[in-house]
Amino acid sequence: MRTSELNSQAFGPSMIREAADPNLDPIVVGVPWRRGYGHWHVSRMRDVRALMADPGTTTDDLALRVFSRFREKRSDVDSIFRLFSHISRAHRTPNDAERRDAITVTKRFMECLPALDFRSPLAALISAGETDADAMANAVQKPIVEWRAAALGIDAATGREIAEDLIDLMASLEQMAIPDYVKLEPKAAAILRNLSALNMSWPAGQTLPLLHLTSPAFLALEPMSRTGCLMLAHLADNPDIQEVLRDRADMRPAYLQEVERLLAGIRYMSRQVGPAGLDLGDTRLPPHSRVTLDLAAANRDPEVWDDPDAFRLDRPRRQTATFSFGALACTGSQTSRQFLSILLDAVLETLRLSEPLAAKEDDRTYTRCSLVRGYDTCRLRFAPL
Ligand code: HEM
């Protein structure tokens, strides 16, 4: 499957599985519909905005409540419980200490970005001529690992290990029944141990609970790496666009705007409606409904964009749903835009991307997490200019 084929099957909403697959579920924009008992699905931009902006809506999580009850009778799931409580964000309230810490950490990432060397790993790849290589590992993850190490002042390998373990843990949690979570306890304990050993320095008097690092320093970089890799695959699949962008640096901001809209790494978010319910105009969501929000669909809403599935470089700028809205929205939108822009310049000015000469079945493998869209690995051809 190629970038252009992700989510391309034209099924109606009734065929979408209860368990989400962000890479394969068809992207359909329409009125809110019921996914299951007490569980709704919204896809229009105005519905996504209304839910994210509604002060009664929360990030509550049913699975966490069930896990809490299970844990009352167990003493061997403490590490996994601590991480799960945190990852689920069920405890979050607007402008809480965790949010303020996320902003502090995000600022550190932003400050370190201009000094990051994106070009040397690319130049090293083509030093002996054309080569086929995994774009995710070589062109995207390498600068991210260095970036995290510089921003936090930590060992790069430990940072990478924590990030990989957290992503792996999230994917496993989704696939397991709660009584089996105990099998994840050793991995969760290792993550907590590695976090404690980071030995980070903060300005005098400032403390930051280590778990407050999990979003901004580890999990949040995941959608950015997916978007970065989807962008490189898109350039390889569309050599004409790649050449235009190489010659016309002034077209790159418009291209990045479409990357943000169509190649965003997070597809689904979830929320719980408050006790008063929520009126969306043509649909009323009952109190306490669980809601899945399809951000990829909202970014293709024909009420907002003409010819919404087309990748066009002549669109007026409009706000996307990519970084969500409201009090718990992404703190890293500007940082991500800057990262992708530097990556794009570095690639276009260092090498030429194309599909590998001998395509193999497993050239591109897909994410396992039910929220994140994109590739785990993506083999491309890297050639000197
Ligand atoms: C293309 C890259 C990225 C995308 C698509 C993305 C998207 C998102 C989305 C959809 C959310 C959930 C918001 C919600 O529940 O309403 C989120 C949360 C978050 N993002 Fe990003 N993000 C990206 C990169 C980053 C980066 C680079 C950072 C920081 C360095 C960052 C920091 C955060 C944090 C801290 C949260 C949690 C906010 C909170 O719980 O208060 N993100 N992101």
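Start with Ser324. With a relative accessible area of 14%, Ser324 is buried, because the cut-off for buried is under 20%. Find Ser324 in the loop between helix H13 (295-298) and H14. Now check its backbone. Phi of Ser324 is near 70°, a positive value in a residue that is not glycine. Keep in mind that this is a predicted model.

Why flag a positive phi? Because most residues other than glycine have a negative one. Arg89 is another case: its phi is near 60°, again positive and again not a glycine. Arg89 sits in the loop between H3 and H4.

Next, the ligand. Which residues come nearest to the ligand? Out of 26 residues around it, they are Arg89, Arg92, Arg271, Ser324 and Cys330.

A polar side-chain atom of Arg271 lies 2.6 Å from one oxygen atom of the ligand. For Arg99, a polar side-chain atom is 2.8 Å from a ligand oxygen. Leu328 uses its backbone instead: an N or O atom there lies 3.5 Å from an oxygen of the ligand.

What is the shell made of? By type, the residues split into 14 nonpolar, eight polar and four charged. By element, helix H4 (97-112), helix H9 (214-219), helix H10 (221-237) and strand S4 (268-272) each supply at least two residues. H10 gives the largest share, with four residues.

Stay on H4 for a moment. Arg100 lies in this helix. Is Arg100 buried, partly exposed or exposed? At 45% relative accessibility, Arg100 counts as partly exposed. A polar atom of the Arg100 side chain lies 2.8 Å from the backbone oxygen of Asn95. For a sense of scale, take Arg100 and Cys369: they are 269 residues apart along the chain, and their C-alpha atoms are separated by 27 Å.

Now the interior. In soluble globular proteins, nonpolar side chains tend to be buried together. Here, the largest nonpolar core has 82 residues, and Leu213, Leu232 and Phe382 make the most contacts inside it. H10 turns up again: it gives the most to this core, nine residues. Apart from it lies another core of 18 residues, including Trp40, Met269, Leu285 and Phe325.

Zoom in on Leu232. Setting aside neighbours within four places in sequence, Leu232 is in contact with Ala135, Ala139, Val140, Val347, Leu353 and Leu380.

First up is H2, residues 62-72. Leu64, Phe67 and Phe70 are buried there. Seen down the axis, the buried residues of H2 fall within an arc of 120°, so they line one face of the helix. The spacing makes sense: an α-helix has 3.6 residues a turn, so residues three or four places apart point the same way. What do the buried residues of H2 pack against? Helix H3 (78-88). On the other side of H2, Arg69 and Glu72 are exposed. Asp61 caps the N-terminal end of H2, with a side-chain oxygen 2.8 Å from the backbone nitrogen of Ala63.

Then H11, residues 239-247. The buried set includes Ile241, Gln242, Leu245 and Arg246. They cover an arc of only 135° around the axis, which puts them on the same side of H11. Among the elements covering them are H10, helix H12 (252-262), helix H14 (333-350) and S8. Asp240 and Asp247 are exposed, on the face turned away from the buried side.

Last stop: two residues at opposite ends of the accessibility scale. Asn23 lies in the segment before strand S1 (33-36). Asn23 is buried, with a relative accessible area of 3%. The Asn23 side chain reaches the backbone nitrogen of Gly374 at 2.9 Å.

Leu357 lies in the loop between strand S8 (351-354) and strand S9 (364-366). Why does Leu357 count as exposed? Because its relative accessibility is 69%, and the cut-off is over 50%. Not counting residues up to four places away in sequence, Leu357 touches Asp132 and Arg381. From Leu357 to Leu198 the gap is 159 residues in sequence and 42 Å in space, C-alpha to C-alpha.

That's the tour. Thanks, everyone.

How values were computed. Residues are numbered from 1 along each chain as its sequence is written. This is a predicted model: local features need pLDDT of at least 70, side-chain atom pairs count only at pLDDT 80 or more; totals for chains, interfaces and linings use all residues. Side-chain values use heavy atoms; hydrogens and water are left out. A residue is near a molecule or strand if one of its heavy atoms lies within 4 Å of it. A polar contact is a pair of N or O atoms within 3.5 Å; within protein, one must be able to donate a hydrogen and the other to accept it, and residues adjacent in sequence count only if both atoms are side-chain atoms. Ala, Val, Leu, Ile, Met, Phe, Trp, Tyr, Cys and Pro count as nonpolar, Asp, Glu, Lys and Arg as charged, and the others, Gly among them, as polar. A nonpolar core is a set of buried Ala, Val, Leu, Ile, Met, Phe, Trp, Tyr and Cys residues joined through side-chain atoms within 4.5 Å. Buried means under 20% relative accessible area, exposed over 50%, partly exposed in between (1.4 Å probe, protein chains only). Contact means heavy atoms within 4.5 Å. The arc is that of the directions from the helix axis to the C-beta atoms.
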